[in-house]
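Subject: Structure handover

Hello,

Here is the structure you asked for. Please open it beside this email and follow along.

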Number of protein chains: 2
Amino acid sequence: MSTIKCDVLIVGAGVFGMSTAYYIKKENHALNVVVIDKEAGAGRGTTSKSAAAYRIYFTSTINRKLAASSVNFYEHLQHEKKIDLGLHQTGYLWLLNEEKYKRLAHAISLMKKENLPLEIWDRETTQKNVPNLVTDFTHDEDRELLNLVPVDYSILTKRAGWLDPHSLVSFYEQEFKKMGGKVYYGKKVKKVLLEAEPSIGLPKEPHIWQKAKISGVETTDGTRFDANTLILATGPWTNFLLDPLGIDSHTKPKKRQLFQLKSQKFSIFKAPPAFSPNPLPFTILPYSGVYFRYNPNEETVWIGAADNIGRPFNDPEKSIDDPQPEMDFYEYGIYYVLSKYFPIFENIRVDTAWAGYYTYNTIDKNPYVFRADGLNLIICTGGSGSGIMKADSIGRITAALYYEQKEAKLFGDVPFNVDDLSVKNRRVEHEEMVI
Amino acid sequence: MSTIKCDVLIVGAGVFGMSTAYYIKKENHALNVVVIDKEAGAGRGTTSKSAAAYRIYFTSTINRKLAASSVNFYEHLQHEKKIDLGLHQTGYLWLLNEEKYKRLAHAISLMKKENLPLEIWDRETTQKNVPNLVTDFTHDEDRELLNLVPVDYSILTKRAGWLDPHSLVSFYEQEFKKMGGKVYYGKKVKKVLLEAEPSIGLPKEPHIWQKAKISGVETTDGTRFDANTLILATGPWTNFLLDPLGIDSHTKPKKRQLFQLKSQKFSIFKAPPAFSPNPLPFTILPYSGVYFRYNPNEETVWIGAADNIGRPFNDPEKSIDDPQPEMDFYEYGIYYVLSKYFPIFENIRVDTAWAGYYTYNTIDKNPYVFRADGLNLIICTGGSGSGIMKADSIGRITAALYYEQKEAKLFGDVPFNVDDLSVKNRRVEHEEMVI
């Protein structure tokens, strides 16, 4: 078995892993930092499957902090450093019925006080500003059957939009490599190596009376990566690596799907007067978690739905390595809702579709960055569907944890208490604005 | 398919499930409450695999409250009601090195203030009182290899011991049946039925625009149990039932093993002067989580170990229905430690062994009692290895949650805020005294 030795091994070249690699290497160029990934390139796992939307609006203060600082950094790269991340600041448009609006009202007023740019529109204004939108179903005979709710309000959150995750991951990857960082692709971890320290060669070590440490990982091609510290940035694969060690990732993977529709009809979303020259914002329907993103250059729309109850964790019938989209889910699910609120979607068929995984922190829906008790093992995970927009902060926080710093410095010199994202001393609020 | 209808269906006739059934039925005899279990009788799953020890000493205030009230109830049954639960109040003896003692000191002084009966012994007293114990390894050549630590202190917690879990479960079962409660054995749940409300007969219901509800369960023998409310008291099987619904149990199953040794030599533990007429307390070694319980009537010792790091969750190679003890774990693991602290165990072979599962709440190690968001589904779980000693309280709290009462009345009229064990409004301290 060939062995590669390093100081720090990061598993996962997604946006959390590459950002972490970059910030660890940046602090100490002499450190031998290695990233491995099962895919053929960076950001090709769940990072590439996402709707790639971003926003700085969350009900959890910590989530707002993580996202705002990361988005500031991305804008800094795009505008000052002229590194094209494909940022489209289209905003998010949250269509809400009375009940949902009331539930968010407190958080929204808090964000207003923090001067996060947003507008609240009543039904009439929403109706006027959003092309093709139906806001009232009083006389729709399917109203009861489909549980349709009216659009009573909408909230336009402006510092939001979408970006190109591949450009973002590539930025971190290139900078990491420039400093001498090494990345190995096509390396799938078979298992994390937990060994006795020292080993005395008994079968089934480590035994309960032995000290244990992580030596590294073994990959399916028979390579062994030895590291002083192992960092897992493995998203939905984390349980598969940690469960055999009896360590809880505190997350569960849940499949999420995106459906792309293509039609010249969508040009009505290109630059509606209320948003011109921008296109229609990333739009969230008032129930069932359906959302869509219009891509002006391609005349496509990407559509997803935050299905929760009934959508299994770790879909047992399919391998986690190859999640498949289900046409039924669009045809019997999303379509019925979407074509009611936006009749333009009627009779347009799905062009292409794909699926990835949310790595869900089901308790508070904030990320986790923690050290496994007494081990040389760090885990950063729990993007919960909003990982890309927090990735810069997560990289800095994971690096700070690695360097045993209590405080991380986020972009813009924002201090962040590293322990706030830990398991034991966690200090986060429950996130209510999840899609 | 034959269908059985009821108001409340409780899956799991272990100690959490039967206690819950009893308290729900007690409050309203007219309610049709049904319990089902895959085994042929009550308490034959993990309840029967445990070391069946009890104590009222925990570092989490909530855990102390749950256990103290339950143990008070068990003593009430045994002593006032003359229902033999096989209670043996032998105490627990925690053997500790300096470091561990210091870590527990704050909690111990708190418990002293609460007048929980306990004694703290120095090394000399411990040495004098505990037959066959070795407290000092300064001159032991294996000290470094085995990471042996001295016994600097011991804590004797007196309101603790062990009981017969079968008698306890049977008490709840008999009382439940007397009130007209029904129990079906040999019924293994194949799946929990999540259905659209109302169903309109589309494939793959419920869709995202439909209201969903739990209709009940389907068992592997083709029976359907329809219920207005489903309660899962399924311990380590909970993930297997909830993951397909995309609901997190917030627990992970971890195999735990017990090894029985039989020898006349163990009679030295029968009534040592310091404990007479009681036997040696349930004894916990100062490291590696090894503990043992001496059974005076059988001259047997039950030995276990709280192996944590390296012991997988959901052992992937073995079915969760049939966990097997591993002789290697005793021979290369426990034996090396145990025979150093108690040389009497040298050269005694394992007589019999068995294995069960801890249903671990890996975050705070207190139980969970919660309603799944927006569904007619209640989950009580997370015994984390100390479920039997809290079962009476858990049954009362789960019943209170079912009846939508904010406050449960524990035995002795102790009020308990039901929400404290929920997911969203959880208010518990991290438990440090876990074995």
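Arg293(B) lies over the face of Trp162(B), at 3.8 Å from the ring centre. In chain A, the charged end of Arg256(A) sits over the ring of Tyr358(A), 4.1 Å from its centre. The rule here: NZ of Lys or CZ of Arg must be within 6 Å of the ring centre and within 35 degrees of the ring normal.

Some ground rules. This is a predicted model, where local features need pLDDT of at least 70, side-chain atom pairs count only at pLDDT 80 or more, and totals for chains, interfaces and linings use all residues. Residues are numbered from 1 along each chain as its sequence is written, chains are lettered from A and ligands numbered from 1 in the order in which they are written, and side-chain values use heavy atoms, with hydrogens and water left out.

**The interface**

In chain B, 51 residues are in contact with 51 residues of chain A. Contact means heavy atoms within 4.5 Å. The two chains bury about 4000 Å² between them, and carbon and sulfur atoms give 64% of that. Buried area is the accessible area (1.4 Å probe) that two parts lose on being put together, summed over both. Ile208(B), Trp209(B) and Ile309(B) supply 20% of what chain B buries against chain A, more than any other three residues.

Six salt bridges cross the interface of chain B and chain A. Over all chains the count is 60. The criterion is a side-chain nitrogen of Lys or Arg within 4 Å of a carboxyl oxygen of Asp or Glu.

Take Lys204(A) and Asp328(B): their closest N and O atoms are 3.3 Å apart. Lys204(A) is in the loop between β9 (189-196) and β10 (212-219) of chain A, while Asp328(B) is in helix α8 of chain B. Helices (H or I, at least four residues) and strands (E, at least two) are DSSP runs, numbered from the N terminus. Lys204(A) is exposed, with a relative accessible area of 52%. Asp328(B) is partly exposed, at 25%. The cut-offs are under 20% relative accessible area for buried, over 50% for exposed, and partly exposed in between (1.4 Å probe, protein chains only).

Lys252(B) and Asp248(A) form a salt bridge at 3.8 Å, N to O. Lys252(B) lies in strand β12 of chain B and Asp248(A) in the loop between α8 (238-242) and β12 of chain A, so this pair joins two chains. Both Lys252(B) and Asp248(A) are buried. Asp248(B) and Lys252(A) also meet in a salt bridge, at 3.9 Å, N to O.

**A charged network in chain A**

Asp307(A) forms a salt bridge with Arg311(A), with the closest N and O atoms 2.5 Å apart. Asp307(A) is buried, with a relative accessible area of 8%. Arg311(A) is buried at 8% as well. Shared partners join Lys255(A), Arg256(A), Asp307(A), Arg311(A) and Glu326(A) into one network of salt bridges.

**Strand β12**

In chain A, strand β12 covers residues 252-262, and ten of its eleven residues are buried. β12(A) pairs in the antiparallel sense with strand β16 (residues 350-360) over ten bridges. Strands pair if DSSP finds at least two bridges between them. Phe259(A) has Ala353(A) as its bridge partner in β16(A). β12(A) also pairs with strand β15 (residues 300-305), antiparallel, over five bridges. There, Lys262(A) stands opposite Thr300(A).

**Rings**

The whole structure holds 70 aromatic pairs over all chains. Phe259(B) and Phe329(B) make a tilted one, 6.3 Å centre to centre with 35° between the planes. Rings of Phe, Tyr and Trp (its six-membered ring) pair if their centres lie within 6.5 Å; planes under 30 degrees apart count as stacked, over 60 as edge-to-face and the rest as tilted. Both Phe259(B) and Phe329(B) are buried. Phe259(B) also forms a tilted pair with Tyr330(B), 5.4 Å centre to centre and 45° between the planes. Phe259(B) lies in strand β12 and Tyr330(B) in helix α8 of chain B, so the pair ties together parts 71 residues apart in sequence.

**One buried serine**

Ser393(A) is found in helix α10 (residues 391-402) of chain A. At 0% relative accessibility, Ser393(A) counts as buried.

Best wishes
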